[in-house]
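I set out to look up strand pairing, charged side chains and backbone angles in one model. My entries follow in the order in which I made them.

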Amino acid sequence: MTTIPPLSNSQQLFLQRLLVASCMTDADTQQLYDQIKQKFASIAPTQYEDEEDEKDEGYMGTDLEHCLCLINGSLVPGFNLEVCTVSLPAPYDEDDEENEENGEEEDRPKKKRAPLVKYHAIVNRGNDGVAQKHAFPASKGGPHDMAYYRLVIEKIVERGVDLLENGEGTGVGCPGSMNRMDLINLRTELEGAHEGKLTIAQTENALEVLEGEKWLVRVAPPSEGDSDDEEDGGGEEEEDRPKKKRKGKKRGSSTGSRRKSLKGTFYGIGPRSFMECGELLQKAGLPGDRMPQSILHRI
């Protein structure tokens, strides 16, 4: 029988906070680690009656990576859960986007590939039950919500694949996105036993859960070129595109109207979906080389 090493009180607190947060960036996780370590810094080791040695309840390992390894040492054999880490583009910052748009067109910096950041979450290693079939928290969503989540994934991946086929989208992850209104209206495309089962309010609640737990994340609105393809039905010939980019001053007015038409919140595939629903994403059409690399935390 495998002996499961007990976690210290500080490790348990860290684990609880990570569970509540559902998914955290590496910077936020490091901040949490530092805060808890500081909180237990002044607590002396405890002597328990059934143990010979004192136990340091404030022990958090030598650093964040070591702490994650220690926690996994208990989670994996005890619950078949694991702290998983993936590297994906940094979260979308709407303020940065607005600063770029407010500048003169010739002064705006060229779009660069978004830097990668690490995301940490506790995931189901077995990929069974909800994690494998639906990947939506059963306690917060029923079968209709699960079917809605699968449909959302399929539609966003479909748009991402279209962008990739047009040579757009670099790095890892899915470049596809949908605005909030379109996502809410997707409920009308549910079929079979799920048809007509979700109200607008229920769909909005499902979206809040998906965003809050990082199954979906807010992303930058599509570029003008992306929206042109959608609105014109993709009929523009490849050789015509450079001419469109050379229109100089006239492009400023069209850009303004295009941005106006794209107002709203856009969502893309979140880190939690990559961690627990890789099979679903690839079945929906996302190429395997777009999947982020998983980082293991083992002693």
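The entries below begin with conventions and then go through the sheets, the charges and the backbone.

**Entry 1. Conventions.**
I worked on a predicted model, in which local features need pLDDT of at least 70, side-chain atom pairs count only at pLDDT 80 or more, and totals for chains, interfaces and linings use all residues. Residues are numbered from 1 along each chain as its sequence is written, and side-chain values use heavy atoms, with hydrogens and water left out.

I took helices (H or I, at least four residues) and strands (E, at least two residues) as DSSP runs numbered from the N terminus. I counted two strands as paired if DSSP finds at least two bridges between them. I then looked up the order of the open sheet of four strands, and found 1-3-2-7 with antiparallel pairing. Its edge strands are strand 1 and strand 7 (294–295), each of which pairs on one side only.

I went through the pairs next. Strand 2 (residues 81–89) runs antiparallel to strand 3, and nine bridges join them. Within this pair, I noted Ala121 of strand 3 as the bridge partner of Cys84. Strand 1 (residues 24–25) is also antiparallel to strand 3 (residues 116–124), with two bridges. In strand 3, His120 is opposite Met24, and Tyr119 is opposite Thr25.

I looked up Cys23, which lies in the loop between helix 1 (9–21) and strand 1. Is Cys23 buried or exposed? With a relative accessible area of 5%, Cys23 is buried; the class means under 20%, while exposed means over 50% and partly exposed is in between (1.4 Å probe, protein chains only). Cys23 and Tyr119 are 96 residues apart in sequence, yet their C-alpha atoms are 6.6 Å apart in space.

Strand 4 and strand 6 (residues 266–269) run antiparallel and are joined by two bridges. Met178 is opposite Tyr267 of strand 6.

**Entry 2. Salt bridges.**
I applied the rule that a side-chain nitrogen of Lys or Arg lies within 4 Å of a carboxyl oxygen of Asp or Glu.

- Glu82 and Arg298 form a salt bridge at 2.8 Å, N to O. The pair links distant parts of the chain, with Glu82 in strand 2 and Arg298 in the segment after strand 7, 216 residues apart. Glu82 is buried at 7% relative accessibility, whereas Arg298 is partly exposed at 44%.
- Lys155 and Glu189 form a salt bridge, with their closest N and O atoms 3.4 Å apart. Lys155 is in helix 6 and Glu189 in the loop between helix 7 (180–185) and helix 8 (200–212), 34 residues away. Lys155 is partly exposed at 25% relative accessible area, and Glu189 is partly exposed at 39%.
- Lys283 and Glu279 meet in a salt bridge at 3.3 Å, N to O. They are separated by about one helical turn because they are four residues apart in helix 13 (residues 278–283). Both Lys283 and Glu279 are exposed.

**Entry 3. Positive phi.**
As background, I noted that most residues other than glycine have a negative phi. Asn80 has a positive phi, near 60 degrees, and is not a glycine. Asn80 is in the loop between helix 3 (64–79) and strand 2, and is partly exposed at 31% relative accessibility. Lys214, also a residue other than glycine, has a positive phi of about 65 degrees. The place of Lys214 is the loop between helix 8 and strand 5, where Lys214 is partly exposed with a relative accessible area of 27%.
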